[in-house]
Amino acid sequence: MSPHAAQAQHLICTAAERVDKDRVGEKNAVWLRRLRLSNFRNYESLDVEFAPGLNFLYGPNGSGKTSVLEAISYLAVARSLRSSADSEVVRWGEDGFGIGGDVEGDAKSRRIVLRFTRGGPKEVAVDGESIARLADLVGHLRVAWFSPEDTWITKGGPEARRRLVDMTLCQIDAAYLTALGNYKRALRQRNEALLGWTPDEESDRVVDAWTEKVIDYGSRVVAGRAALLPRLDEAVSRFHGAISGEDDLSLGYRSSVPLEGAVDEEAVRKRFVFGLESCREDERRRGFTLVGPHRDDLEVRLGGRLLRTFGSQGQHRTAAIALKLGEAAILDSDDQGVVVLLDDVLSELDERRGVALVSHIGSHGQALVTSTTRAPGSVAPDAGAAFFLVDDGEVVRQ
Ligand SMILES: Nc1ncnc2c1ncn2[C@@H]1O[C@H](COP(=O)(O)OP(=O)(O)O)[C@@H](O)[C@H]1O
Ligand SMILES: [Mg+2]
């Protein structure tokens with residue numbers, strides 16, 4: 001066993017023992033009881049029942065652990081949080097995939113079913129009734145996904161940090177999800193119009209038409225993010241303080257829109273109009289949109305300084321955990337429950353951080369944690385955690 005694997009094994013045992021099993025499942029939060037798959041990644045078919053608290057999935061590389069988490073992300077947001085296209089997750093040689101989830105909640109359980117056929121649309125049904133718009137799926141099941149790449153979320157480019165904010169908002173606010181989707185489409189069209197721009201009236205008219213849409217949807221997106229930030233900042237710095245013992249992590253929203261303090265949608269819109277006017281010539285010369293939520297960043301500061309520019313590996317990892325726990329806390333802020341998906345991150349973390357992470361998520365309700373290491377079976381019954389062996393497209397509870 002490699003030192004990493006041994007460490008992960010030790011972490012799983014320690015963390016499982018430390019999770020207060022009485023807290024898990026106590027507050028009727030939403031959790032996923034049963035998952036069924038057909039022709040999804042390497043699963044020809046799968047039918048598995050999870051526990052309401054901690055679920056450890058272990059098995060060799062390439063056995064299908066991440067794919068299980070990915071399928072669960074479809075039940076929450078109707079797409080892959082691994083950022084794959086729908087056609088990529090269809091089992092090789094097949095025409096489409098199906099995912100079914102039985103979700104337990106406050107009062108009643110729900111059955112979510114999602115189907116995709118190559119070349120066709122995605123179909124989603126809740127309790128047998130098909131859903132016309134993706135936004136209507138919002139709220140049935142919320143997930144927070146944490147992958148090894150996320151351990152560098154405070155160091156890399158702004159895209160991953162924007163995605164964290166967007167994925168949080170999309171799951172608590174259906175209107176945000178709609179606005180973001182519309183913004184992305186309008187932005188693509190506007191960029192095309194700018195790329196093909198020639199100095200004539202017709203060209204200007206096309207650009208202007210898309211400018212209006214970009215401002216419309218973009219203002220909603222920016223206002224949504226600006227409103228989330230103080231709440232996220234509060235939650236993240238609290239977790240960071242608890243893990244590191246220091247009290248100096250802060251988040252800020254740095255927008256390409258010259259906000260000048262604007263937060264509500266109308267004020268943001270005015271600033272957005274101004275921002276786009278200021279770079280009118282520049283945009284036409286360069287052929288793409290220079291101002292808007294697609295260029296924004298979530299700034300993470302430690303002791304007032306930008307973590308991205310000076311942080312040590314340990315500081316980045318602690319900040320990443322705090323960010324992810326903050327995200328989970330926001331998703332769970334109305335006690336609605338969030339399913340935390342931790343993909344192979346324990347081997348990336350040292351003992352203190354790993355244990356802090358897993359014991360915190362235990363208090364949020366359900367979590368699925370993947371690892372390549374087999375944890376000793378004797379730990380499972382005492383710790384209130386369920387263990388599953390994943391092997392070549394099969395998942396078997398131990
Ligand atoms: N569309 C697909 N159809 C069939 N198999 C796939 C598809 N996409 C990936 N795979 C295979 O599925 C397996 C499971 O991948 P993954 O869930 O990432 O494994 P793990 O997380 O356990 O390492 C891999 O062996 C991969 O080659
Ligand atoms: Mg994996």
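1. Two helices each supply at least two residues of the shell around ligand 1: H2 (65–77) and H3 (86–89). Helices here are DSSP runs of H or I with at least four residues, strands are runs of E with at least two, and both are numbered from the N terminus. H2 gives the most to this shell, with three residues.

2. This is a predicted model: local features need pLDDT of at least 70, side-chain atom pairs count only at pLDDT 80 or more, and totals for chains, interfaces and linings use all residues. Residues are numbered from 1 along each chain as its sequence is written, while chains are lettered from A and ligands numbered from 1 in the order in which they are written.

3. How many residues surround ligand 1? The count is 15, and the closest are Asn42, Gly62, Lys65, Thr66 and Ser67. A residue counts as near a molecule or strand if its C-beta atom, placed from the backbone, lies within 6 Å of it. By class, the shell has eight polar, four charged and three nonpolar residues. Nonpolar covers Ala, Val, Leu, Ile, Met, Phe, Trp, Tyr, Cys and Pro; charged covers Asp, Glu, Lys and Arg; the others, Gly among them, are polar.

4. Now the confidence. pLDDT is the predictor's confidence in each residue, from 0 to 100. The protein chain averages 88, and 90% of the residues score at least 70. Two residues are in contact if their C-beta atoms, placed from the backbone, lie within 7 Å.

5. Next, helix packing. Two packed helices are described by the angle between their axes and the distance between the axes. Axes are lines fitted to C-alpha atoms, for helices over the stretch in contact, and angles run from 0 to 180 degrees between N-to-C directions. H6 (residues 201–244) and H7 (residues 265–278) pack at about 130 degrees, with axes 9 Å apart. They are therefore oblique to each other. The cut-offs are under 35 degrees for roughly parallel, over 145 for roughly antiparallel, 65 to 115 for roughly perpendicular, and oblique for the rest.

6. H6 passes H7 in a right-handed crossing. A crossing is left-handed if the near helix is turned anticlockwise from the far one by less than a right angle, and right-handed if clockwise. Residues of H6 in this contact include Thr211, Ile215 and Gly218; those of H7 include Glu265, Val268 and Phe272. The contact has seven nonpolar, three polar and three charged residues.

7. H6 also packs against H10 (residues 313–331), at about 130 degrees with axes 8 Å apart. That makes H6 oblique to H10. Their crossing is right-handed. Leu232, Val236 and Phe239 are among the H6 residues here, and Ala322, Leu325 and Ala329 are among those of H10. Twelve nonpolar, four polar and one charged residues make up this contact.

8. How is H4 (residues 158–172) set against H10? The angle is about 15 degrees, and the axes lie 10 Å apart. H4 is therefore roughly parallel to H10. The crossing is right-handed. Leu164, Thr168, Gln171 and Ile172 in H4 meet Leu323, Glu327, Ile330 and Leu331 in H10. Five of these residues are nonpolar, two polar and one charged.
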